[in-house]
Amino acid sequence: MNSLFPSIVSRSQSSGLMNFFVPIISIVLTLITGSIIFVLLGFDPVYALYTFFISPISSTYGISELFVKATPLALIAIGLSYCFKNNIYNIGAEGQLTMGAIFGGGIGLLFHDTNAFWLLPLMIFAGAIGGALWGLIPAILKTKFNTNEILTSLMLVYVALFILDYLVVGPWKDPFGYSFPKSRPFSESGRMPLLFDGLRVHFGLIITLFLIFISWFIFSKTIFGFQLKVSGYSPKAARYAGFNQTTLVFFAFAICGAFAGIAGLAEVSGPIGLLYRDISPNYGFTAIIVAFLGRLHPIGIIFASLVIALTYLGAEDAQLFLQIPSAVGFIFQGLVLFYLLGAELLINYKLTYKKLL
Amino acid sequence: MIRIITFLSTFLVFAFGSAYADPKKVGFIYIGPPGDHGWTYMHDVGRKYMESQLGDSITTTYLENIPENADAVRAIRKLADSGHDLIFTTSFNYMDQTHEVAKDFPDIKFEHATGYIQADNVATYSARFYEGRMIEGHIAGHMTETNTIGYIASFPIPEVVRGINAFYLAASKVNPDIKMKIIWVFTWYDPGKEADAANTLINQGADIIVQHTDTYAPCQAAQKAGVYAFGQASNQEEFCPDAHLTSIEDIWGPYYAERAKAVVDGTWSSGDTWDGMDKGMVVMSPYNTKLMPASLIQEAVNMEVGIKDGTIHPFTGPIYNQAGELVVPEGEVAPDGMLLGMNFYVQGIDGEVPQ
């Protein structure tokens with residue numbers, strides 16, 4: 001006879017199968033919990049889930065919007081996976097994004113009346129530099145002074161936001177904008193080209209897919225990727241193998257910062273077209289969920305970014321057609337993360353039923 | 001014969017027209033949740049008023065918590081795509097986004113709050129909140145004992161600067177010794193920052209707190225410290241009854257009803273509306289009879305009457321700027337153009353507008 005309740009036993013090796021299934025399990029559990037919430041609120045759960053997850057992408061425009069929203073999430077998340085694979089907890093991507101927007105956008109404003117093919121590439125480059133420099137600050141603090149990168153990277157988010165505040169209220173304010181806190185618009189050649197007429201999905205998507213592909217190559221085919229992984233799994237083993245942890249920390253932060261910076265620049269030169277205070281609806285923080293939901297794997301991150309992007313779009317349709325408060329979108333994001341962290345247990349542990357007799 | 005046809009068709013329209021005409025859909029974009037006080041709350045009150053006035057001829061929906069960034073385009077377009085006939089975007093920073101969507105939907109009418117750019121299908125509207133500031137200034141000039149006013153300002157945009165000037169001009173008229181301490185918090189809505197600013201101002205000797213931000217945190221901080229405060233956007237009396245002198249209330253309902261009616265009737269046209277107390281768009285909350293002497297309340301009420309009938313204007317010359325230059329000559333009032341672009345302090349206010 002077996003005991004009624006399973007006991008948790010450590011696996012000798014983490015389960016590759018579970019690694020794949022954990023995100024799916026957490027999404028299924030989220031949908032079930034979501035349905036229960038909808039029923040409790042008095043809605044037909046099928047119609048509610050349809051409104052939340054299908055209706056937003058039932059048009060070409062909707063699908064384009066899904067990609068607009070997923071692009072920065074995926075790009076930042078893939079950058080974060082360089083850090084997270086190495087057990088570096090950079091949670092300051094929002095600040096690196098902001099700095100990228102400031103550097104790249106600054107170039108855009110400097111050449112606001114220039115129309116030239118080199119403008120956008122220069123802005124993207126500057127955005128990457130800005131994000132990388134901002135990412136290197138916690139890297140230096142961590143390696144030189146042994147500070148906790150969770151704190152420093154987070155605090156630098158607010159510093160970056162205040163710098164942006166200062167710029168759009170002060171020196172970069174639109175001279176024709178009645179003193180409102182926003183910059184003048186970038187010139188046409190400082191804008192991300194649109195991929196299709198009438199849709200907002202832009203060239204940033206191509207950049208993102210390209211960088212995800214490069215990252216896949218780095219993670220699986222290069223020594224650097226191998227070093228990141230090893231020193232993440234076992235810092236001691238990495239040290240014995242002679243890997244330089246300091247260099248790894250610097251590279252991880254710089255790459256992550258650069259990717260977030262490009263994401264920020266893509267946002268201001270894409271759908272926005274100028275600088276103002278609220279350029280990002282917390283993409284840098286939401287991307288942390290995306291990175292973990294995607295198991296730090298390039299393909300996983302692509303799907304995860306689409307799922308999380310959908311929760312934003314769904315929240316709007318739910319308000320419009322069901323009159324449900326927008327907070328429902330955040331509830332879904334919270335549920336996904338909650339179940340994800342819970343189900344993570346299954347990767348390294350298994351449930352067994354002890355024999356009683 | 002023609003008369004019979006006319007009669008019949010009129011009859012048919014009256015009998016069936018209202019039953020067959022689809023209700024017009026009116027959508028709103030809100031920067032925050034409606035909640036129970038402040039800017040978005042008052043827009044939602046206006047929306048409900050419009051519903052109550054127009055009954056079955058309209059239906060309304062809103063999208064709340066829409067950030068003022070690229071997301072706003074999607075949200076506005078969502079309303080446009082789902083068959084809305086009239087869309088109100090209720091925050092200044094939806095300006096570019098409103099126009100971006102509006103140009104793709106020429107048949108849909110858009111109304112952008114506090115903006116300054118119009119299009120064929122985009123009207124703008126705002127309220128002359130500064131009229132209320134004048135009354136607040138007058139009250140403050142009488143009520144202060146430390147002659148120090150603490151002013152919590154949001155962003156150095158003309159609307160806010162205009163409010164500060166209107167307040168100071170009225171306050172210094174009754175009390176030439178008055179001093180203004182201004183803290184710029186660079187937010188419209190942040191209870192923590194607003195309360196911190198209020199406490200700082202109180203510590204610096206301010207015994208009246210004025211806010212151009214959205215929460216009741218400053219008013220509650222004032223109540224705790226035993227000083228007075230003016231509320232903003234909605235009547236805040238219930239949150240701080242022992243500090244609250246009055247609030248400037250934004251009353252959007254009649255405007256919303258009028259514009260929606262115009263869409264129902266097919267008479268909507270673009271334009272710029274900037275109404276004040278005379279049209280009931282700016283209303284003072286009931287004056288606090290426990291804290292204010294009856295004579296002062298009477299003066300404030302008289303002032304309201306004067307503003308309404310045009311005999312009183314908050315910006316009546318002579319008005320000097322900080323450099324001592326005459327900007328509004330004696331006997332004249334500041335033109336709307338000057339008010340709309342106002343980015344300077346009047347003489348007597350210390351410090352400078354953040355640039």
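In the predicted model of the complex, 21 residues of chain A are in contact with 27 residues of chain B, two residues being counted as in contact if their C-beta atoms, placed from the backbone, lie within 7 Å. On the side of chain A that touches chain B, the helices α6 (149-169), α10 (245-272) and α12 (298-322) each supply at least two residues; helices (H or I, at least four residues) and strands (E, at least two) are DSSP runs, numbered from the N terminus. By class, this side of chain A divides into 11 nonpolar, five polar and five charged residues, where Ala, Val, Leu, Ile, Met, Phe, Trp, Tyr, Cys and Pro count as nonpolar, Asp, Glu, Lys and Arg as charged, and the others, Gly among them, as polar. For the complex, the predictor gives an ipTM of 0.78 and a pTM of 0.84.

Residues are numbered from 1 along each chain as its sequence is written, while chains are lettered from A and ligands numbered from 1 in the order in which they are written. Because the model is predicted, local features need pLDDT of at least 70 and side-chain atom pairs count only at pLDDT 80 or more, whereas totals for chains, interfaces and linings use all residues.

Chain B has a mean pLDDT of 91, with 94% of its residues at 70 or more, pLDDT being the predictor's confidence in each residue, from 0 to 100. Over residues 10-19 of chain B, however, the pLDDT is below 50, and this stretch has zero contacts in the model beyond near neighbours in sequence.

Chain B contains 11 helices and 14 strands. Its radius of gyration, taken over C-alpha atoms, is 22 Å, close to the 20 Å that the globule rule gives for 355 residues, so chain B is as compact as a globular protein of that length; the rule is 2.2 Å times the number of residues to the power 0.38. Along the principal axes, the C-alpha atoms of chain B fill a box of roughly 80 × 45 × 40 Å. Of the contacts in chain B with a separation of 6 or more, 63% join residues 24 or more positions apart.

The domain assignment of chain B, automatic or taken from a database, gives domain 1 (22-127 + 252-279) and domain 2 (129-249 + 315-340), whose centres, taken over C-alpha atoms, are separated by 28 Å. Between them, 11 residues of domain 1 are in contact with 13 residues of domain 2. Helix α2 (residues 38-54) of chain B gives the most to the side of domain 1 that touches domain 2, with four residues, and this side has six nonpolar, five polar and no charged residues.
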